[in-house]
Each structure stands twice: as C-alpha cells, then as structure tokens.
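Have the model open in a viewer and keep a way of selecting residues at hand.

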Amino acid sequence: MGCPCNCCGEHIDKLNQQVSVMRKEMKNLRQTLDGAVRAHRKLLNSIQSAVTRVGISESVKLQQLPKSPPEVTLEQGNIQTVPIGFIRSCFSVKNATPRQPTICGPSRAELRVEQSVFNNPDHALVGLDQYSHVWIIFLFHKNGHLSYKAKVKPPRLNGQRVGVYSTRSPHRPNALGLTLARLDKIVGDTIHLSDIDMIAGTPVLDIKPYIPEYDSPQARAILDVDPRQLNIEGAGRTSQSDLCNDDDSEPKEGTSDDLTREVISRDLSVTVPQFSQSGDLLTVLEEVKDYLNQSEPCLLGPKSELPRVSEPGRSTETQQSEEQLCFREEDYSTIASWIREPPVSSLEVRFTPHSQEQLAQFLPASGSGTPGNGKPKFKFLRSSEEAVAAIRGVLSADPRSVYRRTRCRDRLFFFTMDTADVTCWFGEGFAEVLRVRPVEGDTRT
C-alpha cells in the first residue's frame, strides 16, 4: 500500500510547483498591467492638459482679436479652395482616360461655373472667348488614397523610377492637376472644351487664358529682343525718302525689313546678322543676298559671335554694348529625353469589321435620331469618324499600366468613350478593337 501513496505524493508536489509558478506569472502580469494603466493615465492627463491650454488660448485669441482678413489668412498659409465648377466629360472613369491632353484631340468636355461662386457666373467669363486655349487647374479627386512617394514609375518609362516632381503623376503631396485645353465656345455660364484629359466630375479650381507671349519660352525670347537688333524698324520709322533718293518711287516688296523677317522665320535657331543702316537700299539687299548664299550659316552656341558691319554715326563702344540677336540654348525650354524618345513605342490601332459596324450605329451628339429607332447617341462626340479618331488616340498611347503591360497575362482591355463601352485586346505592337456597345442606361432614342 505504500507504493501508491508515494506516487500520489510526488504528483501532488509537481502540482504545487506548477501552481507556484502560475502565481508568480500572474503576479508579474498584474504588475505589468498596473504599470501600463498608470502610463496610460499619465498620457491622458498630459493630453487633456495640452488640449485645455490650447482651447483657453484659442478662446482668448477669439475674444481679444478681431476676425483675420483673408490676406492675413493666406500669409499664414491657411489656404481654402472652393471648386468653381465640375467637369462634364466624355471620359466617365479613369481607365483609358488620356494621360495628356494632346493624346486624344476629339475628346470634349463642358465646365459650368457654379452660381455659389459668383452671383452672375456668365459675367466672370466675359472676354474669355477671345482666347483659343485655356489653362485648367483641377484636383485629382479619383486618386483613391492620399499616399505619395518621392519616386514614381511613369508608364512611358516602363517601370523606371524618377522623382515625382519630374513627372506629371497624379499622386503628389498636393493632388493638383494642370492641363491646357482648347476653348471651343462659351454659352452663358458654360465653357465648351476639347483636347482634354479630365474625367467626369473633376473639381476645377481655376481657369486662366493661355497667352503664348507669356507662357511660351520661345515667344518670350523673341519678345525680349531689342527691335534695334533686328534692324526691322527702318520700314516703320524711316520715311520713304530716307530709303530711296527718288521721291516718286513707290514702296517695293523685298525691302530689308521683309528679307530680315524671312531670315528669322526660316529658322529661329540661326543667328541673324546685323546689316548696315546706310541710306543705300541696294547695299543692304546685297548684304542680305550674300548672307543667304552662304553655304553654312552661323551655328548657335554660347560662344558664337557674328562680325558686325559698322554703322555710320555710331561709336564702337555703343555697338559693343548692345547684345547680339542670338537665340542660345538657354533661351529655349528643354525637356527630359524620355519624353520625346520613350522606351514604350506607339501602338498600331485596328478595328474589326464588327466593331466598325457597331460604332457606325451611334448617332452624333449634335444630331437627333428618329424617335423610337432605338439607336444609341453620343453626348459629346459629333460623328462616328470622330469617335474612331478618339479611340485610336487613346489606344495608340497604350493606356495600360506598367503592371498590366508587363505582368498581366490577360490581354483584354475595357474602357468607356462617351456613351460607348469599348472592348479591345493588345498584341505585339498593336491594339485591336473587338466590340463597341452602348453603355447601359445611356441609350437614347
């Protein structure tokens, strides 16, 4: 009988040891929990005191100081933007929306200025119809998230990384977009645009007219030139008797002004020489003729110089002080090499006979179909030929993402153009449209 009792005693000792270990672990857990609770309470108290101090200081400021004017608010960096309107576009979703406005010329959109911004929205558009193009500043409201990275992978680089500020990626610290759109017409408070790359519902923050003399570096370089450097002021400021000694002679074509302008218009990259301003017109014409007959005109460069013909009545110091008309490389804008020569080449776009027949069934936006004929109708595109050009422009630029282009095995691609759902597939160097059908709910009779 002694053996079973000894076994029970050993078993009880083991259980007691386990219980003591568990008690120690529970004690440690209680201590850890108590420490966490105390730290949590301390953190809450510090947050509450900080909020209280901020609230008191803000209330004191509001009571003591008057309301800050808008100028002070902007100086402090408190920027509040309100959309002036929302885009109605032929692109309803992000998929296959052009990444740049020049990709799809027939793309059209409308922008109506909200009455909440101006009591008379049409008054804000007075004079805008004198311009052919406008800058549109908008928000990328379909980014899906506000995350952004310092380096991005533009689709045209096919996976290579560059800095976000060297691209036009929509994923930026401030999701602002800028596009140059063609201004077709203005009707009341609505602007009709084309050559756009914005989807329907895009919030527009501002509109500015496009002025080449201010916005184009090439035009700016021409405007910054002193008219005396061009020597084209003779015809406008010099009387006819100064050019020819014969008072009865009629003005002739091919004067030094016209020939100099011709030299400039032939190639802005060629430096224009300065011809003598003597009273003999034939001498000037001979100098122009000799210059045009030169086999190799003066190439441009920061160190290129032109021999000047001495001008009567002007000192050498005056001639040397004036800058020569020489459009150097820094006078023109430069862009990254991958913009003009991207690793991704343009695609050939094909249409199957079935897709062409389906596309021909769509009625143009400007026309009106016979009631009850059941044919679909475009909202923005004005003909089936314009729709073909728009689809061709979108697909030739390969709207697929880098992932779909390099890793996805599914070559089918779907997108919406105006009121048409387009199905296509991509092969080696081409894209083929397989089917074009009306968007559900957009068929009009």
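Start with leucine 395: leaving aside neighbours within four places in sequence, leucine 395 is in contact with Leu347, Val349, Phe415, Cys424, Phe426, Ala431 and Val433, where contact means heavy atoms within 4.5 Å. Leu395 is also one of the residues with the most contacts inside the largest nonpolar core, alongside Ile136, Leu193, Ile207, Ile391, Phe415 and Met417. That core has 46 residues, and its largest share, five residues, comes from helix H13 (residues 384-396). A nonpolar core here is a set of buried Ala, Val, Leu, Ile, Met, Phe, Trp, Tyr and Cys residues joined through side-chain atoms within 4.5 Å. Buried means under 20% relative accessible area, exposed means over 50%, and partly exposed is in between, using a 1.4 Å probe and protein chains only. In soluble globular proteins, nonpolar side chains tend to be buried together.

A word on what you're looking at: this is a predicted model, in which local features need pLDDT of at least 70 and side-chain atom pairs count only at pLDDT 80 or more, while totals for chains, interfaces and linings use all residues. Residues are numbered from 1 along each chain as its sequence is written, and side-chain values use heavy atoms, with hydrogens and water left out.

Now zoom out. The protein chain has 14 helices and twelve strands; these are DSSP runs numbered from the N terminus, helices being H or I with at least four residues and strands E with at least two. Of its 445 residues, 31% count as buried. Among contacts with a separation of 6 or more, 67% are between residues 24 or more positions apart. The chain exposes about 29,700 Å², and carbon and sulfur atoms supply 52% of that; the areas come from the Shrake-Rupley method with a 1.4 Å probe, and for residues only the protein chains shown count as cover.

E9 pairs with strand E12 (residues 430-438) in the parallel sense over four bridges, and glutamate 348 has phenylalanine 430 as its bridge partner in E12.

Aspartate 418, in the loop between E10 and strand E11 (420-427), has a positive phi of about 60° although it is not a glycine. Aspartate 418 is buried, with a relative accessible area of 7%. Aspartate 398 sits in the loop between H13 and H14, and its phi is also positive, at about 55°, again without being a glycine. Its relative accessible area is 2%, so aspartate 398 counts as buried.

Beyond its neighbours within four places in sequence, valine 402 is in contact with Pro154, Pro155, Asn158, Gly159 and Arg407. The C-alpha atoms of valine 402 and glycine 159 are separated by 6.3 Å, though the two residues are 243 residues apart along the chain.

Next comes the barrel. Six strands close it in the order E1-E2-E7-E6-E3-E8, with antiparallel pairing, and the twist averages 45° from one strand to the next. Strand E1 (residues 85-89) is joined to strand E2 (residues 108-113) by five bridges, with phenylalanine 86 opposite arginine 112 in E2. E1 also pairs with strand E8 (residues 203-209), antiparallel over two bridges, and there the bridge partner of phenylalanine 86 is proline 203.

For cysteine 90, the nearest cysteine sulfur is that of cysteine 104, 6.2 Å away. Cysteine 90 is buried, with a relative accessible area of 1%, whereas cysteine 8 is partly exposed at 47%.

Notes. Pairing = 2+ DSSP bridges. Axes fitted to C-alpha atoms, helices over the stretch in contact; angles between N-to-C directions. Disulfide = S-S within 2.5 Å.
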